[in-house]
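Okay, thanks for making time, everyone.

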Amino acid sequence: MTRATTLLGILCVFASGGLAHAQQDNGPPAALQDESSVPQLPRVEVTPEDDSAVADEGTPLESPATSFPSEAFDFNELFPSLADQVAQPWDGGSRGAPLSLFDNPRAIDIISQQRLIEKAPLDMGQALENEVGVMVQRTGRGQSSPFIRGLTGQQVLILVDGVRMTNSTFRSGPNQYFNTIDPNTVDHIEVIRGPGSVLYGGDAIGGVINVVTKSANYTGLNYTTGGTIQRFSSADLGYTGRVSVEGYTESTGFYGGGTYGNYNDLDIGGSPDAPPGFDVGRQPATSWRYNAADLKVTYLVDNSSELIFGLQHYRGEDIFRTDRFPSNRESIFDPQVRDLYYIRYQGVSDVGLADFYQITTSFHRTDELRKDRDYRMSANPNIVSERSFFDEQFGLTFSFMKDCDSLGTISYGFDWYHDEIGSNRTDFNYGTDPPGITDRAGEIPDDAFYSRYGAFAQWDVWMTDRLLLSSGVRFEHVTAGATVTAMSVTDHIDPEYQDWIGNIGLTYELTDELHLVGSISEGFRAPNLDDLATINGNVFVGTQLPNPDLQPETSITYEVGTKLDTERFRVQTFVWWTDLQNFIDTSAPNTMLLLDRTNSQAYLNGVELSGEYQLSCEWSVYGNYWYTYGRNVDTGQPLSRIPPQQGTLGLRKRWNNGRDWFDTYAWIVDRQDRLSDRDISDTNRIPPGGTPGYATLNFRYGRMITPRQRLSLNVENIFDEQYRVHGSGSDGPGINALLTYELTH
């Protein structure tokens, strides 16, 4: 055998043991089948320029003639069934046995490369927009914060290629960090709705988002190819440009590129009855720009293991908090930087305690500079405050999987992350000559640290021919240290937290096409540095004080649902309930404009429905509906920024192996007038009386104009509806045309 023998094929062999029931009808994917007895790397058809040419292994290819190797896949399934969609542990750092969405008892969605290409997102917020159970809030353009089941910020765990991105400085409520991922580098996105703390650790109370980036497309042939994406948007006169290169040489594959985006003030929707100040026109403080670069190198060490090196860089500039300007304050993030480096060693073995192993060491740095000017009556508008901090997060993870034949599959491992913080603040008084300069302590204590480690084990087994059991347990331990100064009092804190977390899920195969599912899952989130030690002026109004006496948040989520997967009809439904113990809440402003963090009891519940019906081999209708309700038990008030009920309904066509498409859909959102005192005081983001409902009509069209070129046109908000996603500081775009040109060579 040659180096073509690899972990992907061998994993299909061991996974077919304990999880054979999940694959018994369909067998392994065609791409993983081979004439030989030992599975090989998946082959992707690459047609040379001359169809008569014979491409031998090791012979360089100038260019694939009929596909975009990473920028667009050759899609074999235009409308993949639930049974065909699997979050693979070796594909992007996800954990647990490779169960299909049909068999998995949890509420999980995979946003595929096909769907991302059709969406043509300008940022990561657009990549997740309109997904069931997910609301994307924007305090300003260039910022996006995903809500999952009513929770966001610190309570949603974001991963990039399985590496933790959520760090100890993430604020309560919405933040901007999800947008520091370049959407043009993303291969697919895995979204777990509900707690994921057992497999992924603390913070995963609302859910887990794993963003998996693109890699070189292994073909068994040496090749080098490049491509570009050029995108123009009319509502903000915006431009996105990306150049990428990809290839394989013997045992080494590489994919990388660079992206630049520049967007002007947004032309929002409007109508004659729009409120004063929000009529037709461009919303101020909505311009922004960014540049990004990425590289992923894969080296096949031998027939059963590989080494992966990943590098990502993002730099955003002139990103306004739109909600504050021009009403009372000017806050600009310039720059907003994220850097990720990781090395991953993974492989398979047919002996020992693991059939699959994955070891990752990572370094993730967030660097931020915010410039504030306060125009309120009590402030001096001549003072510009520059507040900066960085969070350097070091990570080490071990993940293993063992097939135990009829006893199922055991997934287990260990993870460790350690944050080091640097912070400072400088005030420049431009009302004097020369300007006065005053150095002050940063919002986050300088030289603070935050460490967490945990060990987990999960067991997935078919108890009978029709009943799957999925259960797991984790031990999590957290320590923190900081010197806190609040209200002229200085103190050093060094809290320590630990807990055991468990989950259990069942899938019952009522028929070959209908599964009944249910699960009980615990969540855990220790107070982070923002809760414990930050004096945060980056809130809607007032100053948020630290509280070193906070207790960890814990949750328990109950959910039941059905999954229907027929030849033409795919539907998932869930009803869920979450009890939040020691929920860390922030009070509404008092007369001194001070906000306090306290523990309280709360609950959330909701309903989720999503489905697609295939009308023919090319046409389908699809849609979703979801509703979330949240309440603070101690105060009797609604939880802050709970999403309104909403849904989508669409009609799509895909043909030419998915390279061409047409899609038209309506996005319908109800009014949200269930507000907490905190929401009511946040008049810059939530209008008096609540956020109005809205409906938009949209369409997408993409066409391959040559084997190497494609044009696509997305038109959003055709009827120029004025709308704002609940809790956002920026309105949505009015009628907006996005024109995309793709070229590969």
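So, β33 and β34 pair in the antiparallel sense, over 9 bridges. Met704, for one, has Arg710 in β35 as its bridge partner.

Quick housekeeping. This is a predicted model, so local features need pLDDT of at least 70 and side-chain atom pairs count only at pLDDT 80 or more, while totals for chains, interfaces and linings use all residues. Numbering starts from 1 along each chain as its sequence is written, and side-chain values use heavy atoms, with hydrogens and water left out.

By cavity I mean a set of points, on a 1 Å grid over the protein atoms alone, where a 1.4 Å probe fits but cannot get out; lining residues have an atom within 4 Å of a point. Points are joined across faces, edges and corners, and the volume is the space filled by probe spheres set on them.

The second largest cavity is about 330 Å³. It has 24 lining residues, and Gln126, Glu129, Trp667, Glu716 and Tyr723 lie nearest its centre. β33 (660-669), β34 (694-706) and β35 (709-716) each supply at least two lining residues, with β34 giving the most, 4 residues. By class, that lining is 9 nonpolar, 8 polar and 7 charged. For the classes, Ala, Val, Leu, Ile, Met, Phe, Trp, Tyr, Cys and Pro are nonpolar, Asp, Glu, Lys and Arg are charged, and the others, Gly among them, are polar.

And the largest cavity? That one has a volume of about 380 Å³. Of its 30 lining residues, the closest to the centre are Arg95, Asn104, Ile108, Ile192 and Leu199. Which element gives the most to this lining? α6, with 4 residues.

On to packing. A nonpolar core is a set of buried Ala, Val, Leu, Ile, Met, Phe, Trp, Tyr and Cys residues joined through side-chain atoms within 4.5 Å; buried is under 20% relative accessible area, exposed is over 50%, and partly exposed is in between, with a 1.4 Å probe and protein chains only. The largest core has 44 residues, and among the members touching the most others are Met124, Phe178 and Ile209. Its largest share, 4 residues, comes from strand β22 (residues 467-486). Leaving out residues up to four places away in sequence, Ile209 touches Leu128, Pro146 and Phe178, among others, contact being heavy atoms within 4.5 Å.

Last stop: Phe333, in strand β16 (residues 329-348). Phe333 is buried, at 1% relative accessible area. Its C-alpha is 9.8 Å from that of Trp288, 45 residues away along the chain.

Notes:
1 Å grid on protein atoms, 1.4 Å probe; cavity = no way out; pocket = protein on both sides within 12 Å on 5 of 7 lines; lining within 4 Å. Pairing = 2+ DSSP bridges.
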